[in-house]
Amino acid sequence: MTEPTTSSELRPVEDQSFATWVKVNLFSPWYNSVLTVVGAVMVILLLKVAIPFLLTAQWAAVTTNIQILLVGQYPSEELWRVGAGVLPMPFIVGAAWGVWGSMMRTFSVILIVASVLTVISSFFGDSMTPGFVLWFAVSPVLVLLGYTVGRRSFIGPRHVLIGWFLFLMLTLFLLRGFGEDSAMPYVSTSRWGGLLVTILIAQVGIAIVLPLGIVLALARQSNLWFFKAAALVYIEILRATPLLALLFLMLIVSPMFLPDITTPDRLMLAFIAIVMNNSAYMAENIRGGLQSVSKGQIEAAEALGMRGRHVTLFIILPQAIRATIPAIVGQFIILFKDTAVIALVGLLDLLGAAYAIILGQDAWRTADLEVFLFVAAVYWIFTYGMSSVSAGVEKRMRAGAD
Amino acid sequence: MSAQSVENDVMIQTTDVEKWFGSLHVLQGISVTIKKGEVVVIFGPSGSGKSTFIRTLNRLEEHHRGEIVVDGTVLDNDVRNIETIRSEIGMVFQQFNLFPHKSVIDNVAMAPRLVRKMSKTEADELAMSMLELVKIPEQAYKFPGQLSGGQQQRVAIARALAMRPKIMMFDEPTSALDPEMIAEVLDVMIDLAKSGMTMIVVTHEMGFAREVADRLLMFDEGKIVEEGTPDKMFDNPQHDRTKEFLSRVL
């Protein structure tokens with residue numbers, strides 16, 4: 001293969017002056033001039049409303065209630081468990097940055113910037129506890145520490161994934177606690193809430209939905225009719241059911257069939273509904289990838305004497321997953337945003353906590369816009385981070401392809 | 001030669017092999033005996049069944065009638081027999097079919113590890129020696145997508161050879177290559193033929209056939225129309241179809 005010539009002599013010199021740029025991009029031909037003027041007027045009108053609002057907004061509605069927004073009604077005296085449980089997260093994000101490079105950079109930078117901003121904002125009010133501020137002060141250090149570790153050659157993607165699984169387990173144990181008399185008394189999931197619940201559902205959901213989707217997709221392609229039929233029924237029923245309907249079914253109808261002695265964990269039921277719904281879509285994404293693997297690949301593997309399960313595991317699946325990464329990450333983003341639906345069945349996730357603040361306290365009833373803007377911004381930050389990962393993966397795959 | 005040693009020398013024997021694609025009768029009774037160390041070149045117009053025939057030999061296609069015996073193993077529906085036969089026949093495809101998600105060395109070392117249960121070091125060593133055999137050890141850590149067509153096809157040959165097959169099959173190995181890359185692949189195949197490998201090659205590279213083939217089979221409409229040594233086939237073809245076909249490709 002020959003490298004394309006990149007000699008600068010061959011490239012025409014472009015006129016880079018600002019006036020020319022404006023003329024070419026904004027005012028030619030004539031209809032672009034019209035669009036530019038209309039666009040400018042709309043931006044001005046928007047700013048005219050937005051600037052006075054931002055200056056006079058009751059941000060105290062957010063800062064005063066930051067604990068509810070972040071952790072819901074988790075008991076204040078047990079908050080250290082949340083802090084300790086979530087503490088490995090910045091480290092793991094940093095390690096992922098070190099291992100996967102630029103595609104995790106945006107996420108890491110967002111985490112560092114958000115932490116620093118939180119620490120700075122703590123100087124302008126006394127609503128945040130010292131432990132809370134300390135957590136955000138430590139987290140950028142942990143991101144960088146994780147990055148340094150992740151850069152080491154003996155640390156690979158496998159270690160990061162295992163670390164992430166262990167972290168999720170540890171966090172769930174810490175948050176849940178044990179007996180009444182232990183050092184970590186049991187905290188019912190009905191008291192978990194806020195961003196904590198949103199992030200936990202999203203992460204545990206992602207950790208379950210991907211493998212479950214793979215298994216379902218493989219089952220649907222299976223030659224064994226039972227697996228094929230079971231997967232088909234599961235996928236077709238769940239894909240054809242709105243998540244909200246499934247959620248109501250799980251939380252309101254299912255307790256009627258359960259014996260009275262059991263009090264179903266509402267958060268768990270909501271979580272199961274989200275996982276069921278998303279895994280059906282995930283299975284279809286992966287199935288598309290499975291079909292994209294050419295017949296020649298399977299023949300080459302079979303001709304080498306490889307067995308069916310080896311062919312599936314080492315030849316078909318890796319290529320299918322690579323081909324579907326954009327769709328997979330897209331499904332992760334959908335799952336993350338889907339968590340907001342649980343607010344509608346009265347659970348206190350990030351959105352539910354916002355409702356609780358606005359509707360529950362007269363003082364903040366007029367600050368609804370502020371609270372919802374904050375919530376929207378938090379969702380945006382996470383989904384933007386996730387789509388930047390997706391873009392990074394695609395870029396890397398293009399570099400490896402052809 | 002005694003009857004016994006002739007028997008032992010037979011690598012592949014097919015008897016009246018027939019196959020249909022729907023109502024299309026693609027193989028209409030193919031009987032071939034290929035001896036150890038023999039190089040057999042199969043040619044004929046497209047759709048004549050030549051690719052389908054060699055694909056039945058390692059069960060990439062199922063035959064519907066007749067018998068196929070590879071190195072003493074009868075090819076039937078028994079999975080163990082199919083696996084035995086597949087691990088004894090190396091196959092090279094027109095489209096290379098390298099695994100794009102694996103580096104070159106992993107492409108070659110994969111089957112020895114999974115099928116022959118070799119350790120990673122052992123399989124990597126074997127893979128490197130195979131890559132040396134096809135003269136591209138320096139490409140070991142690249143990915144297939146970074147190689148030229150000729151290099152990819154040579155990796156595919158190395159990958160097949162790493163299973164230490166007794167027979168190598170080539171299904172139009174140079175048809176997808178740019179003209180300047182055909183020679184590098186044919187050179188490797190000529191070396192292989194001269195080393196005593198039993199080979200079945202579907203190709204229209206008649207120069208290659210003349211140089212190394214022991215026997216040529218001319219396929220047409222699912223039958224072997226004519227067979228013989230290169231000299232006999234090129235210089236004195238008997239059948240009209242063979243004459244007509246050779247006049248177009250030579």
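These legends describe close-up views of a predicted model.

**View 1. The second largest pocket and its helices.** The volume of this second largest pocket is about 430 Å³. Three elements of chain A each supply at least two lining residues: helix 10 (194-221), helix 14 (295-303) and helix 15 (308-338). Helix 15 of chain A gives the most, with four residues.

View 2. The lining divides into six nonpolar, five polar and one charged residue. Among the lining residues are Leu218(A), Gln221(A), Ser222(A) and Asn223(A). Leu290(A), Val293(A), Ile298(A) and Glu302(A) also line the pocket. Gly308(A), Val311(A), Thr312(A) and Ile316(A) complete the list.

**View 3. The open four-stranded sheet of chain B.** The strand order is 2-1-4-5, with antiparallel pairing. Strand 2 (24-35) and strand 5 (73-74) of chain B are the edges, each pairing on one side only. Strands of a sheet pair through backbone hydrogen bonds.

**View 4. Strand 1 of chain B and its two partners.** Strand 1 (residues 10-21) pairs with strand 2 over nine antiparallel bridges. Here Val10(B) stands opposite Lys35(B) of strand 2. Strand 1 also pairs with strand 4 (residues 65-70), again in the antiparallel sense, over five bridges. In this pairing Ile12(B) faces Val70(B) of strand 4 as its opposite residue.

**View 5. The hairpin of strands 4 and 5 in chain B.** Two antiparallel bridges join strand 4 to strand 5. Val70(B) has Thr73(B) of strand 5 as its bridge partner. Two residues lie between the strands of this hairpin. One of the turn residues, Asp71(B), has a positive phi of about 50°.

Conventions:
Residues numbered from 1 in each chain as written. Chains lettered and ligands numbered in written order. Predicted model: local features only at pLDDT ≥ 70, side-chain atom pairs only at ≥ 80, totals over all residues. Heavy atoms only, no water. 1 Å grid on protein atoms, 1.4 Å probe; cavity = no way out; pocket = protein on both sides within 12 Å on 5 of 7 lines; lining within 4 Å. Points joined across faces, edges and corners; volume = space filled by probe spheres on them. Nonpolar A, V, L, I, M, F, W, Y, C, P; charged D, E, K, R; others polar. Pairing = 2+ DSSP bridges.
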